[in-house]
Protein chains: 2
Amino acid sequence: MLDICLLGTGGMMPLPQRWLTSLMARYNGTSILIDCGEGTQIAMKKKGWSPKPIDIICFTHYHADHIGGLPGMLLTMGNAERREPLLLIGPKGLAKVVSALCVIAPGLPFEIKCMELTEPVQSIPFDGFHIEAYKVQHNVLCYGYSIVVERTGKFDVSKAEKLNIPRNYWNRLQKGEIIETEEGAFTPDMVLGEPRKGLKVAYCTDTRPTESIVQAAAGADLFICEGMYGEPDKLQKAKEYKHMTFYEAAELARRAEVKELWLTHYSPSLIRPEDYIHGAQKIFPNVIAAKDGRSKDLLFED
Amino acid sequence: MLDICLLGTGGMMPLPQRWLTSLMARYNGTSILIDCGEGTQIAMKKKGWSPKPIDIICFTHYHADHIGGLPGMLLTMGNAERREPLLLIGPKGLAKVVSALCVIAPGLPFEIKCMELTEPVQSIPFDGFHIEAYKVQHNVLCYGYSIVVERTGKFDVSKAEKLNIPRNYWNRLQKGEIIETEEGAFTPDMVLGEPRKGLKVAYCTDTRPTESIVQAAAGADLFICEGMYGEPDKLQKAKEYKHMTFYEAAELARRAEVKELWLTHYSPSLIRPEDYIHGAQKIFPNVIAAKDGRSKDLLFED
């Protein structure tokens, strides 16, 4: 199960009734945060989640509304006596930015590891899932992220028997182990059927629509995409500031054939995003104007 | 009139129901902010005040819970098309810290001036008031601040007549102007009585009790002081982490003979500060456990 919580839905600046856009995800004991603007740790606490066990924080880019909450979050983790290292992932310049921000968060009792993205599309493997980072198009270097949970095929008894795999290896092979023996190596694919559909959540914000987004979000169970402007006459503004309208986001969702689209990262001037959702629904029916704290538990299909 | 608003009362980390400690003050068209932790701009907006017209921000020290909200606040000012320069005041290292934080707030459309404090007690004059910075005792270099509004004496007709001050100069002299003429200079004191009592608000946080605080807060109309711990058995912890108990703050207020004490900067573990106020009231009766957003308009005595 992949737990998802969109902690906030604001862009540019935090508002009394709208936290900045940030995504929290949990899978198989690993906690991932994407973006950490001012107030994200408060939004997290409001949902009853704690910053302490976060394993990975991904940053789309280094504007304050996406990273300004990092020093406070690190201090809160430190105050909670976290000792495990924390992995930060982001575009080039990450180590420099983090080191600058840490002047106001001295003496942390845990290690921070920085992984700077070097490729336009980069896959980072973890235990049972991978994070796919993909370059998007903002006024500074900016990436989107997908969290992709792989799923192996079902155990195939007839295949295992046909290949004469010793029965005492079956369980270990099913769990993904490669077993070296004197007769050669046994690999999991020898006992498993075709890989089954896993889970995918795609997240992108602070970007114009790009082909990289369509590719990265292709077939996603959930696509969380910026919709800075709902008013149809703001397309020019979206182009100028390198953001998107609701309708552009919906068009990306349609082309990527995702299951569901949540809009986020609203302009502070957009008081009631839901007023503009009908236009987006005409392009992609399964879209909502997400609100702070919207959660979903994504389950495997069968 | 000196408008005061204690925007938040939390220490260490922002909580869903408690913003970080920060003081907003307005006098005669000048807006002053003391400390700017994560979320301060949201607390300000909740009170209906805007960050845009802030003229001066004073920092007690450079831990994230006192300065982490600066980059976001600067961007919000910039987005509101502020063009006037902003004065920042703080302990040694200010320019370096601000420059580090500004990596996530690029392209601001206004100038930032940094004034680093160099003396243990330093008075900074403005139009009709001054800010007094005084060194306190934390685990890093830390200052408290008082905002002091001066008040001249009443216009004294008999004095002006006795000294033969020409009547056409009276109004200008009363307003503080020095008038140079061929017969010599006329100064405001020639038409004014004894200076009258002005207004003083003293603010200190993240410190052990010090003599400098007693002196700086002496006779203050309002003294806002940290009370990190209310539980009487936490004195040792207060000493270790260089903070104060409610009772130590009350003792400072008693010695400084202030009119009123507001406690603030509560430990996140202190859920209901008001539960411990009675002990502090035994030492200094006019003390309250302040809550977020507490405001007061201080008026001249007559």
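Residues are numbered from 1 along each chain as its sequence is written, and chains are lettered from A and ligands numbered from 1 in the order in which they are written. Since the model is predicted, local features need pLDDT of at least 70 and side-chain atom pairs count only at pLDDT 80 or more, while totals for chains, interfaces and linings use all residues.

**Confidence and domains**

The model scores ipTM 0.90 and pTM 0.92. Chain A has an average pLDDT of 96, and 100% of its residues score at least 70. Here pLDDT is the predictor's confidence in each residue, from 0 to 100.

Chain A splits into domain 1 (2-151 + 196-298) and domain 2 (157-190); the bounds come from an automatic or database domain assignment. Their centres, taken over C-alpha atoms, are 40 Å apart.

**The sheet of chain A**

Seven strands of chain A form an open, mixed sheet in the order E7-E8-E9-E12-E13-E14-E15. Strands (E, at least two residues) and helices (H or I, at least four) are DSSP runs, numbered from the N terminus. Two strands pair if DSSP finds at least two bridges between them. E7 and E15 of chain A stand at the edges with a single partner strand each, so one side of each has no neighbour in the sheet. The twist averages 15 degrees from one strand to the next.

E12 and E13 of chain A pair in the parallel sense over four bridges. A:Tyr203 stands opposite A:Ile224 in E13(A). Helix H9 of chain A packs on the sheet and touches E13, E14 and E15 of chain A. Its direction makes about 155 degrees with that of E13(A). Axes are lines fitted to C-alpha atoms, for helices over the stretch in contact, and angles run from 0 to 180 degrees between N-to-C directions.

| Element (chain A) | Residues |
|---|---|
| Strand E12 | 199-204 |
| Strand E13 | 222-226 |
| Strand E14 | 261-264 |
| Helix H9 | 246-256 |

**How the chains meet**

In all, 28 residues of chain B contact 28 residues of chain A. Contact means that C-beta atoms, placed from the backbone, lie within 7 Å. H3(B) gives the most to this side of chain B, with five residues.

A rotation of 180 degrees with 0.0 Å of shift along its axis superposes chain B on chain A, with RMSD 0.1 Å. That is the relation of a two-fold axis. Of the residues of chain B, B:Ala100 comes closest to the rotation axis, at 2.5 Å (C-alpha). 100% of the interface residues of chain B are also interface residues in chain A, so the copies meet through the same surface.

How values were computed: Two residues are in contact if their C-beta atoms, placed from the backbone, lie within 7 Å. Copies are superposed by least squares on the C-alpha atoms of residues with pLDDT of at least 70 in both.
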